[in-house]
Amino acid sequence: MIAPTRPQRPLRLIWLQSGGCGGCTMSLLGQQGPDLVTALRAAHVEVLWHPSLSEATGAEARAILNAAASGEEPVDIFCLEGSVIHGPNGTGGFHIMAGTGRPMREMIEGIARHATHVVAVGSCAAYGGITAGGGNAVEAGGLAYDGTAPGGLLGAQFRARGGLPVINIAGCPIHPGWFVDTILQIAGGTMTPADLDEWERPLAYTASLVHHGCARNEYYEFKASAEQPGDLGCMMENLGCKGTQARADCNIRAWNGSGSCLDGGYPCINCTGPGFEEPGHAFAVTPKISGIPIGLPTDMPKAWFVALASLSKAATPRRLKENAARPMPVVLPRDRRKGGA
Amino acid sequence: MSEPSRLIVGPFNRVEGDLEVRLDLAGDHVEAARVTSPLYRGFEAMLVGRPAMDALVYAPRICGICSVSQSVAAARALAGVRPTGLERRPLPANGAHATNLVHAVENLADHLTHFYLFFMPDFARATYAEEPWHAGAAERFTALKGTAAVQVLPARAGLMNLMGILAGKWPHTLSIQPGGSTRAITRAEQARLRLMIAGFRAFCETHLFAAPLEQVATLAHRDALYAWAEGSSGDFARFVMISRALDLARLGRTSLRHIAFGAYPSEDGPLFPRGMFDAGIGTAAHLPLSAITEDVSHAWYRGESGTPGKAAPVPDMGNPDAYSWCKAPRLDGRVAEVGALSRQLVAGHPLLRDMVAREGASVEARVVARVIEIALVTMAMEQWIAAIDPQAPFQDTSPRLETGDSMGLTEAARGSLGHWLRLDGGRITHYQIIAPTTWNFSPRDAAGTPGPLEQALVGAPIRPGETEPVAVQHVVRSFDPCMVCTVH
């Protein structure tokens, strides 16, 4: 086995933001156990520039970024948050980089072509994300994808200097742990193509379905369904929940200490998936054909799902039936030895 | 070599999003400023045509730092679609408490992030190396390296843990609904929330204030603040001492009308009320909402200026007078400032009223207002947690109207936020957003009147040889700008 060794010099990281909301950085600041600054130190990462966290501004910042884009100064990890903006009419004019008069995408491309590792932070940078929603009038795309189509700013064949494709930490926003895991793996020299899934997302979090570890699993098993947001039951049948298809460990790795979307009482909208911004239906309403939800669980043959669903509906315990369409349980589990049902 | 007469500052970092500031210089000071918001994403257009409730998915994603504020504005706007003359139904008490808590967590986290990570690091700059306070400031606040960062980040994350229980995740929760909150809270969770806010109070009373919150919240005039700061070892006192040394009470001054849309509603009224404060008159007054308009004479849009409930300008880079994607909101045709200072002036906080009566709105007053709010809101949160009744509903899920006009108003950390929408048969047919920094960083209007930041920068001193004038840094950041909200 090769033990990861501490590099001779710190890994130099540059972070840019373009067509996004800054929410991935904000989520990242919530890193716990330990905090973000300590985590970056543990990964031996030196932040050359980050728009929210660095002292350097204006000309100082431009000098750092220009040196990185020309290859003059080495960059080990280049992170982009937010989508690449190409509009209007392919000019890039919807995001002119402040202080330069040039489209932001030029700086993004310059640094990406020289960096050892390129990381798309969030679904916007990876695939276009919410910024590409509603007909995509601003011509937003990702670093190596436009929605589900390979390409993007850098092209489908793009490999960073270190040999890997763009690493897509998709999510809207990212979980801080997804980023920290990725950086630690890069720093340790253990990030390989086998650590990425079919959309080049780190398997560290996409080997799971959102369904895994969902506290509503028993309701799912017995098809005891929520009717309104905030009800306790399974949200797949009525509320548009995509947890059985979405890839992320949201119900295994808690958000903000203890939460997840499903635990918060609202459905998974598959925000780690390319194209999540245009589901083709109202986000919180399940589209159905003759009463059967269109989006069935990943890998599940439809006939089996329908057969099992009708069987399990017939077997639903009273406790789940009573509780599913309420925000607080009215029937609790009870030990038979103390007179339970 | 002669001094340059123009200066372009950008990328302007430690603000949320991208920002460029163009300065005309006259000798050793700024003579005129133009503020450019260089990113356009088009959320208003994206929302048109979507099912009404999709606004709850899209609106928070306008901004990762004001995400909950955007949700609250969208949820209120959706809840407000009702037959003419019929009052909007109040939220169930628990729904109001839960929403206020989620919103307060975001706003306090933003205040904390602004103070420690965005604003204070400028005092660690080498340009201040000769100042007697510099070594202490550099040790404490240097970006990413100061001793404060590894204390404030865990405190902020600990505060955010309230979100884990109340909202599932942050940013971009869907827990905030027109009828309340999707997340009912048990008695055990209520107890846990109490513990979490106690942890945050402890951070504030140890590091930020080094004093009880109640003591800070009741400081009633400027001299009391100055005297208190001399006896405190906390980070807020450090700011006050540096601010006095640099005379930040006379930097970035404006004498504009201040407005607030009202924050944290409850059965007893909002914690901070809606209203308008005019420093010239010195009192708060009714805020005429129908007098709010957006002017696009100097922005890259085509279309008439007008009220956000009706006008919907479209992007157009052909406007030769334009220099920003930010529209220029005006109240009754006049410039207005928004933010924590404006909120506290409208609410009548004696300390902030006194500071503004003496020197006008300034870098110092804006920062003091923000930090004082951390104390005020933390104390209010303790009461909202206590007031939750786990047996009562958190949400009113009765059906709403599918056609009509409405607006949703709230206060983000950095000021007043409004959404104006129209629904037709359950679909969105009109959506306009005016964000806090749209007010503060607006470009000139048709009359040529500059926006609040553009006015505040006039007179800012330039030190010899400066290309990124540090005074300009302080003035810009004193507004706690959020550029992604500004243009949306």
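**Domains of chain A**

I started with the domain contact: 20 residues of domain 1 of chain A are in contact with 15 residues of domain 2 of chain A. Contact here means that the C-beta atoms of two residues, placed from the backbone, lie within 7 Å. On the domain 1 side, helix 5 (123-127) and helix 7 (203-206) of chain A are the elements that give two or more residues. Helices (H or I, at least four residues) and strands (E, at least two) are DSSP runs, numbered from the N terminus. That side of domain 1 divides into 8 nonpolar, 11 polar and 1 charged. For the classes, Ala, Val, Leu, Ile, Met, Phe, Trp, Tyr, Cys and Pro count as nonpolar, Asp, Glu, Lys and Arg as charged, and the others, Gly among them, as polar.

I noted the bounds too: domain 1 of chain A is 11-206 and domain 2 is 208-327. They come from an automatic or database domain assignment. Taken over C-alpha atoms, the two domain centres are separated by 31 Å.

A note on the model: it is predicted, local features need pLDDT of at least 70, side-chain atom pairs count only at pLDDT 80 or more, and totals for chains, interfaces and linings use all residues. Residues are numbered from 1 along each chain as its sequence is written, with chains lettered from A and ligands numbered from 1 in the order in which they are written.

**Chain A against chain B**

Next I looked up the contact between the chains, which takes 69 residues from chain B and 64 residues from chain A. On the chain B side, I found two or more residues each from strand 1 (6-9), helix 1 (43-47), helix 2 (55-58), helix 4 (93-119) and helix 6 (149-166) of chain B. Which element gives the largest share of that side? Helix 6 of chain B does, with 11 residues. By class, I have 38 nonpolar, 19 polar and 12 charged residues on the side of chain B that touches chain A.

**Helix 6 of chain A**

I checked the span of helix 6 (residues 176-188) of chain A: 13 residues, 18 Å from first C-alpha to last, close to the 18 Å expected. The expected span is 1.5 Å times one less than the number of residues. I listed its buried residues as A:Pro176, A:Gly177, A:Trp178, A:Phe179, A:Val180, A:Thr182, A:Ile183, A:Ile186 and A:Ala187. A residue is buried if 20 or more other C-beta atoms lie within 10 Å of its own, exposed if 12 or fewer, and partly exposed in between, with C-beta atoms placed from the backbone. After the helix comes A:Gly189, whose phi is positive, near 75°.

**A helix pair in chain B**

How do helix 11 and helix 12 of chain B lie to each other? The axes of helix 11 (residues 340-347) and helix 12 (residues 350-359) of chain B come within 8 Å and cross at roughly 105°. Axes are lines fitted to C-alpha atoms, for helices over the stretch in contact, and angles run from 0 to 180 degrees between N-to-C directions. I therefore logged helix 11 and helix 12 of chain B as roughly perpendicular. From helix 11 of chain B, B:Leu341, B:Gln344 and B:Leu345 meet B:Leu352, B:Arg353 and B:Val356 in helix 12 of chain B. I sorted the residues of this contact into 4 nonpolar, 1 polar and 1 charged.

I found a cis peptide bond joining A:Gly87 and A:Pro88, with omega about -5°. A:Pro88 sits in the loop between strand 4 (84-85) and helix 4 (104-114) of chain A. Another cis bond joins B:Trp170 and B:Pro171, with omega about -5°. B:Pro171 is in the loop between helix 6 and strand 4 (176-177) of chain B.

A:Asn136 is not a glycine, but has a positive phi of about 55°. I located A:Asn136 in the loop between helix 5 and strand 6 (140-141) of chain A. Is A:Asn136 buried or exposed? Buried, with 20 other C-beta atoms within 10 Å.

**A strand residue**

Last, I looked at A:Ala120 in strand 5 (residues 117-121) of chain A. A:Ala120 counts as buried, with 33 C-beta neighbours inside 10 Å. Leaving out residues up to four places away in sequence, I see A:Ala120 touch several residues, including A:Leu80, A:Gly142 and A:Ile167.

Definitions and conventions
Parallel < 35°, antiparallel > 145°, perpendicular 65-115°, else oblique.
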